[in-house]
Amino acid sequence: MKKNYLKKRVMSLLLALVMMLCVTLSAGATEAPSSTPEGEIELGENDFIVPEAAAAYIAEFFVEDMAGSGNTKWNSETKAVNTVVMYDETGLAPSAYAVELTEGYVVVSAYADVPSLILEWADDGEPVYSEAPLEADEDIIYTSPLDYYVTDGETVETFQGEEVDAEEIPTPLQDCRSEENVNPDLRENIAEEKAAWLEEHPLAAYAAVNTEPDAYITDVFAYAKLVHDSEGKWECTAWKNDWEQYKYNLRDIDLSGYREACGPIAITNILKMYGKRYSSTPAMTLNRMSGSEVFHSIEGLTRKLGFIDVRYWSNGGGLDTFTAIEYIQAAFKKYGKNDFELSSPKIANAANVQNTLAYSNKLLFLKLSSQEEDLHSYGSHLVVGYAYNTIKNSASRDSKTFLKICDGRYEYGVNSENRFINTYFMINSEYMEVVF
């Protein structure tokens, strides 16, 4: 995959979003797009997700426009200093981004198909969540302007401490999503980007989400219902997720000029997750570094250890769970971390995954197989596994276990923060435990 080409596409989408914002500010409502002509690329909700990287730019364009009006305290010195991701009622998918500024804040919608990308703003205030700082394991749920909740993954509360039922939270922001809200020029741009991507990837496995055995899985319940059994109700019977608040998912799109570097990317994600979770000196050093900085700090190990350069791995190089042992050890040693363990390779079945993740100090360095019977969307690939859940069908009593992963991969229109692998289809895959 050509990373600079990919980045051009992201920037193209960003510019189109900014254009949409400017049109909305200056001209008000625009004409709704016409019906989709025959043969035109079909777009779904996932195609209208605003990437986190675009939120700060959108906020700064909004600030610049408002500063020019002379009606706010904002000026040319006002800049974005932090972006906080806020989630929908499930607590899993982004719904909005709070962009904190040197003065005030702007809340940008994570959905491009709503009437306005700007949901809230203040030139001298702070977001609602500033009144009650979050704990390390908590996230913000945002369902509409001024409707904030906090969740630890199990319970949902208002910021006043009142517990609420997540299923009863109103979702006006989600409910007002419609392609008719999208500026026609933005819709055309997104369709062109998607068409170009599909042309480059004729197999287009990524385009299927939750619908086929080898599709990307972003919602285990939707996947189980569509693929395995649509009759009974699927219910969670077991789960373990001690790493969610510490997860880190450096992706191929975040790097430039590297081909098929999934091994070093996975090792980088392990280093960053260790850094976010623990308080040792090596961990604090890693936590201060960006993912790309960590990646570049360990990429030289490929040559030092005798592996082929990561820039050319697609020509036949790469790591597997055996050769990776030396690499992982050298990467941690580089940061002064020697007191950890690597297990021998284990088969990636449901029982082994459940047993490993029963311990909160373990991550999975997983080598996915690309053999014909391994029905997943990744081919031969290295990822980090950090959580699982098991669901059972009330009618058939069928049970499925899913491993949650940081897969290091960008795919157009697929939520990169919420992906799973069905352990039933990892027949020839294996993993090592990284034990802290």
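**Figure 1. Right-handed crossing of helix 8 and helix 10 in the predicted model.** In this predicted model, helix 8 (residues 291–299) and helix 10 (residues 324–334) cross with right-handed geometry (right-handed if the near helix is turned clockwise from the far one by less than a right angle, left-handed if anticlockwise). Their packing angle is about 115°, and the axes lie 10 Å apart (axes are lines fitted to C-alpha atoms over the stretch in contact, with angles from 0 to 180 degrees between N-to-C directions). Helix 8 is therefore roughly perpendicular to helix 10 (65 to 115 degrees; under 35 counts as roughly parallel, over 145 as roughly antiparallel and the rest as oblique). S297, I298 and E299 of helix 8 touch Y327, A331 and K334 of helix 10 (contact: heavy atoms within 4.5 Å). By class, this contact comprises 3 nonpolar, 1 polar and 2 charged residues (Ala, Val, Leu, Ile, Met, Phe, Trp, Tyr, Cys and Pro are nonpolar, Asp, Glu, Lys and Arg charged, and the others, Gly among them, polar). Helices are DSSP runs of H or I with at least four residues, strands are runs of E with at least two, and both are numbered from the N terminus.

**Figure 2. Buried residues of helix 10 and the residue G336.** A324, Y327, I328, A330, A331 and F332 of helix 10 are buried (under 20% relative accessible area with a 1.4 Å probe, protein chains only; over 50% is exposed, and in between is partly exposed). Just after this helix, G336 adopts a positive phi of about 80°.

**Figure 3. Left-handed crossing of helix 6 and helix 7.** Helix 6 (residues 262–277) packs against helix 7 (residues 281–288) at an angle of about 110°, with the axes 7 Å apart. The two helices are therefore roughly perpendicular to each other, and their crossing is left-handed. On helix 6, L271, K272, Y274, G275 and K276 meet P282, A283, L286 and N287 of helix 7. This contact has 5 nonpolar, 2 polar and 2 charged residues.

**Figure 4. Antiparallel pairing of strand 3 and strand 4.** Strand 3 (residues 105–109) runs antiparallel to strand 4, and 4 bridges join them (strands pair if DSSP finds at least two bridges between them). V107 stands opposite E120 of strand 4. Strand 4 (residues 118–122) is mostly covered, with 4 of its 5 residues buried.

**Notes to all views.** Residues are numbered from 1 along each chain as its sequence is written, and side-chain values use heavy atoms, without hydrogens and water. Local features need pLDDT of at least 70 and side-chain atom pairs count only at pLDDT 80 or more, whereas totals for chains, interfaces and linings use all residues.
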